[in-house]
Amino acid sequence: MEIQHVYLKLHLEHSGVVDLEPLIPIFHDWVREQSCEETLVDVADYRHVSAGPGILLVGHEADFSLDWSDNRLGVRYNRKARLKGANHDRFRQALRAVLMTCRRLEEDGRLEGKLGFASRAFEIGVNDRLLAPNNQETYDSLSPEIDSFCDGLFGRKSYSVSHQADPRRRFSVLVQTPRTMDRSGLLKALAP
Amino acid sequence: MKASNHLWKERLAGRIAEPLNREIDIFETEIDLRRQGKVDERVFAETRLRRGVYGQRYDNGQRHDGKVARSLEYPTTNPTKGPNTLWDAPGMQRIKIPYGGLDPAQLEVMADLAEEYSDGIAHVTTRQDFQLHFVHMEDTPTLMRRLAAVGITTREACGNSVRNVTACPYSGVCPDEAFDVTPYARALSRFLLGHPDCQNFGRKFKPAFSGCSQHACGLTSMHDLGAIAVTRRENGVEVRGFELYVGGGLGAVPYQAKLFDEFLLPEQLLPTAQAIARVFGRLGEKKNRARARIKFLVHDLGIEKFKALVLEERDRLPRDPRWKQYVDEALAASGEETPTAGDDLSEPGSALPEFQQWLKTNVRPQRQTGFVVATVSLPLGDISSDQLRSLADIARRFTPDGVRTTVEQNIVLRWVRRSDLAQLYQALESALLAQPGASNIVDVVACPGTDTCKLGISSSRGLAAELQRRLADKGAEIDQAIQDLHIKVSGCFNSCGQHHIADLGFYGVSRKVGGFAVPHFQVVLGGQWTQNAASYGLPIVAIPSKNVPEVVSRLGERYVSDRLQGENFQEFVKRTGKLQVRKLLEDLAKVPGYEADRSYFSDWGDPREYSISDIGKGECAGEVVTAVEFDLVAAERQVFEAQVLAEGSNFQKAGETAYGAMLHAAKGLIKLEFLDVADDPDTIIAEFRTRYFDTRKIFDPFAGPKFANYLFAAHRSSGNGHTPESSRRLMEEAQLFIEACHGCFNRMGLTPSAATA
C-alpha cells in the first residue's frame with residue numbers, strides 16, 4: 001500500500017496552562033527567513049478554538065503547528081505535497097521535520113521555560129481517507145512498515161504501537177516509548 | 001496536490017446528482033485548459049470564483065515581513081489562476097449553505113474536507129456560508145465532488161452571481177414569524193442557481209429571507225433582495241405573501257433596501273426574482289465596479305421606475321413551470337421534516353451555574369411548546385473538524401432537524417426537547433462547544449480581515465479575539481445593559497463584518513504617524529441590528545487598533561452610568577450626540593511616537609511591523625466577464641472534450657460534441673440580443689442567420705462568411721454519422737467558428753473593461 005500525506009504529532013509532556021502566544025513572532029520570523037525545507041507562507045492563530053490547531057505555520061508542502069487536537073499538546077507536521085520514495089521515507093521525513101522543529105524552538109530564547117519538548121509518544125497517520133481508510137486492512141498493510149520504522153529508531157520491542165480505530169478519524173497509530181525520547185539520537189538516525 | 005484526487009472521481013461516480021457532476025467535470029476541464037494556456041486568466045478567475053474558489057492574501061507571491069516585501073517562492077508560477085494570482089498560492093473555498101441548513105452527514109463531510117484539504121478549521125461566515133482556507137487550486141474539484149455527494153454545491157458562492165440565499169435560522173420555529181420561509185428560500189436558491197438570466201451581472205447579488213420584520217435574523221434591509229414573510233386575511237382565509245425589498249447593501253456605501261411590493265404572492269416570488277435579475281443584468285453598471293451593485297441601479301432609476309421595468313419584464317417572461325413546481329416541492333419536503341408537536345414541558349434538571357448561564361444566553365423557546373433552539377457559539381465563527389463530527393453526533397441524538405448556521409457566525413440546533421437540555425449541555429461541553437454568551441457582547445463577529453483577505457487593512461480577527469478574551473474574563477461582572485450589545489468588526493470598509501449594523505462597529509483603516517503606518521479602526525456607532533438591520537451607523541473617529549478595547553470599555557461604562565430608563569444604545573448615542581462621544585474618545589486617537597511605544601505599530605495577533613503593502617486586488621467584485629464570454633469559453637471547452645472523445649475513438653460522440661460547441665457559441669451571440677432563444681438547433685440556426693449572417697456581423701474581415709458557413713454546414717449534416725475524418729474536420733471548423741464569434745463580439749465593442757472595484 002502506497003501512502004502520501006503523512007502527518008505526525010509529537011506529544012509534549014507539560015503541566016498546567018501553556019501559553020502559545022510566543023510562538024507567533026517566532027513563526028513569523030521563520031516565514032521571513034524561510035527557515036524550513038518547505039516554502040513557508042503564513043501564520044494562523046487558532047488559540048480561540050478549544051482543542052484546535054493552536055498556532056499554525058502554513059507552508060506550501062506542509063503545515064507545522066503547536067497543536068491542541070484531542071486536548072493533547074504536540075508539535076504537528078502535516079504533509080500536503082506528495083513525497084517521492086517509499087512509505088518508510090515518508091515516515092522518516094515527517095518525524096525528522098517535527099524533531100527539527102522542536103530543536104529550533106528549543107533553541108529560541110523567546111520560549112525559554114515556557115514550553116518543554118520532552119516526549120514519550122507520537123501519533124503518525126495519513127491525511128487522506130481514500131488512500132488509507134482507517135480500518136484493520138490498512139493497519140495490517142502498514143503495520144510491518146511502521147514496526148520496521150520504529151525498530152530502526154528505538155530497537156525491537158522497546159516501544160508500543162496502538163491503532164486509533166475510530167473509522168471516522170484518519171488512519172493513525174500511537175507510538176509510545178517507555179522513556180523520554182532522545183531527540184539528538186533520533187535526529188542522527190534520521191539524517192538523510 | 002492530493003494523491004487521491006483522481007481516485008475520488010471513480011469512488012463517487014453515480015453518487016452525485018448529474019447536473020452537479022457535470023458542472024464539476026466542466027470545472028476540472030477548465031483547470032486543464034488554463035494549465036495549457038487555452039483560457040484567458042481573467043476569464044479563468046471569474047470561472048473559478050463562480051465555483052467559490054477565491055483568492056487569499058499573499059497569493060501574488062509577495063508578503064511583507066515587517067520590514068520589506070519578500071517573495072514567496074512557489075514551485076509553480078505559471079500559469080496564474082487569475083491576474084497577479086499564483087497557481088500554487090493557497091486560496092479560500094467558499095461553500096454555499098442555502099438558509100444555513102446542514103444535516104449531520106454534511107457536517108461530517110465538512111469536517112473531513114477541513115482536515116484533508118484545509119487547516120482543520122471550518123469557518124462560518126456572516127452570510128451562513130462555510131469557508132475553508134489555505135486550499136490548493138488543484139484539490140478543489142475533488143473537494144467539490146465530496147460536497148456534491150452529500151448535496152452541497154459551491155457553484156456561484158463567489159463572483160458576479162447570485163450568492164448564498166440566506167434566511168433566518170429560526171424559520172419554522174420562531175414564535176414571532178408569520179410563517180416558515182425555509183421552503184421559499186430553498187426554492188429560490190434552486191431556481192436561481194446557474195440560471196441563464198443570472199450570468200450577466202456586473203457584481204454579486206445577495207438574497208435574504210426573514211420570517212418577521214422586527215428581529216435581526218434575516219437582515220433583509222441590507223440585501224440586494226430581501227423577502228419578509230407577511231400574511232393577510234382575504235375572505236376569512238389567511239393568505240401568505242412577502243414584503244419584498246430591493247437594493248439594500250452594505251459595502252463602503254451602505255443603502256437601505258427599498259420596498260418593492262407590500263404583498264407579493266408566493267407564486268410570484270420566483271418570476272419576480274427572475275425579472276429583477278434580468279433588469280439588473282441588462283441595466284446594471286458593468287464598467288465602474290464601485291457602482292455595479294443593484295443598490296445603485298435602484299437608486300439611480302428610483303424604486304418606482306425600477307419596479308415598472310421589473311413588472312414589464314415579468315410580464316414578458318416565458319412561462320416556466322418551475323416557478324410553481326420548486327415552491328410546491330420545497331413546501332412538501334418541509335412538511336415531511338416537521339417533527340410532531342412536543343408535549344414535554346419539564347424543566348431542564350441541572351442547577352450548575354455554568355449550565356444556567358448557558359441556558360440564559362444560548363437557549364430560546366420555539367413556537368412549538370416543549371421545544372427549544374440551542375445556539376452553539378463559535379469563537380470568530382471557527383469550528384474544528386473534531387468539533388464538527390461531535391456536533392454531527394449531537395445533532396443526530398438531540399434533533400431531527402440538523403443544524404443551521406447563523407449570520408452571527410454561530411450554529412443553532414432546533415427542535416431540541418426542553419427536557420433534554422441538561423444532557424445536550426453535557427454533550428456540547430464534552431465537545432468543547434458549550435461556550436455561553438451567544439448573541440451578546442462576547443459574541444464578537446468578525447470578517448477574515450488581514451488574516452486571509454486580500455483587501456484587509458487591519459486585523460479584524462485579531463481585534464475580535466482580543467475583545468472576546470477581555471470581555472469573557474469580565475464575565476458576569478458585565479452590566480446586563482452592556483451584555484446585550486453587539487460588536488462587529490470588519491477589516492476594511494467593505495463591511496463583510498457588517499460593522500454598520502452593530503451597536504459598536506469597527507472597520508479597519510490605516511494612518512501614518514511619524515512616517516510609519518499604524519493600524520486603526522474607525523468607530524461606527526448608531527447602527528441598528530434589530531428590525532432586520534433597520535438603520536446604519538456612521539463612523540465617528542479613527543482609533544489606533546491597540547486602543548480599541550479601551551473604546552469598548554469607555555463607551556460601555558458611559559452607557560451604563562448615563563443611560564435613561566429603558567434607553568437602548570442607539571438612543572443613548574443619539575441623545576448624547578456624536579460630538580460628545582467623539583470627545584470621550586479623542587485622547588485614545590493619539591498614537592505615541594514610534595520610539596515611545598512600538599506596540600502601536602503592529603496589529604493585534606500579528607507582531608510584524610504594520611504595513612499596508614500586502615493589500616491586493618480583492619476578488620469580491622470578481623472579474624467582469626459577460627455571459628457571452630462564458631458561452632464562448634464553454635464552447636471551446638466542448639471542442640476540447642470532443643478531442644478527448646476522438647482520442648478514445650468515440651468519433652460519433654466527438655462529432656456531435658463539436659457541433660454542440662458551435663451551437664453553444666452561436667447561442668451565446670444570439671443571447672446578446674434575444675435572451676429567450678430556445679435550445680433547439682433549428683431555432684438557433686434561424687436566429688443566428690437573421691441576426692448575425694444576414695446582417696454580416698459575423699463576417700470575418702478577411703474570410704467573409706466562411707466560418708459562419710461552417711455552422712450551417714454542420715447543421716445540415718447533423719443527422720449523419722461521423723467518421724474519424726469528418727469528426728476531426730468538424731472539430732477544426734468548430735474552433736474556427738468560435739474564433740469568429742470571439743471576433744464578432746470584439747468588433748461589437750461590448751467587452752467590458754476589467755476596472756477595479
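Analyst: A crossing of two helices is called right-handed if the near helix is turned clockwise from the far one by less than a right angle, and left-handed if anticlockwise. In this predicted model, helix α2(A) passes helix α3(A) in a right-handed crossing. Helix α2 of chain A covers residues 87-107 and helix α3 of chain A residues 136-154; they pack at an angle of about 50 degrees, with their axes 10 Å apart. Because of that angle, α2(A) counts as oblique to α3(A). On the α2(A) side the contact is made by Asn87(A), His88(A) and Phe91(A), which meet Leu142(A), Glu145(A), Ser148(A) and Phe149(A) of α3(A). Of the residues in this contact, three are nonpolar, three polar and one charged.

The sheet comes next. Eight strands of chain A form an open, antiparallel sheet, in the order β2-β3-β4-β5-β1-β6-β8-β7. On average, neighbouring strands are turned by 15 degrees against each other, direction ignored.

Within the sheet, strand β6 (residues 121-126) and strand β8 (residues 172-176) of chain A run antiparallel and are joined by five bridges. Glu123(A) has Leu174(A) in β8(A) as its bridge partner. Helix α3(A) also packs on the sheet, where it touches β7 and β8 of chain A and makes about 155 degrees with the direction of β7(A). Helix α1 (residues 23-33) of chain A lies across β2, β3 (54-59) and β4 (62-67) of chain A, and runs at about 170 degrees to β2(A).

Definitions and conventions. Residues numbered from 1 in each chain as written. Chains lettered and ligands numbered in written order. Predicted model: local features only at pLDDT ≥ 70, side-chain atom pairs only at ≥ 80, totals over all residues. Axes fitted to C-alpha atoms, helices over the stretch in contact; angles between N-to-C directions. Helix = DSSP H or I, 4+ residues; strand = E, 2+ residues; numbered from the N terminus. Parallel < 35°, antiparallel > 145°, perpendicular 65-115°, else oblique. Contact = placed C-beta atoms within 7 Å. Nonpolar A, V, L, I, M, F, W, Y, C, P; charged D, E, K, R; others polar. Pairing = 2+ DSSP bridges.
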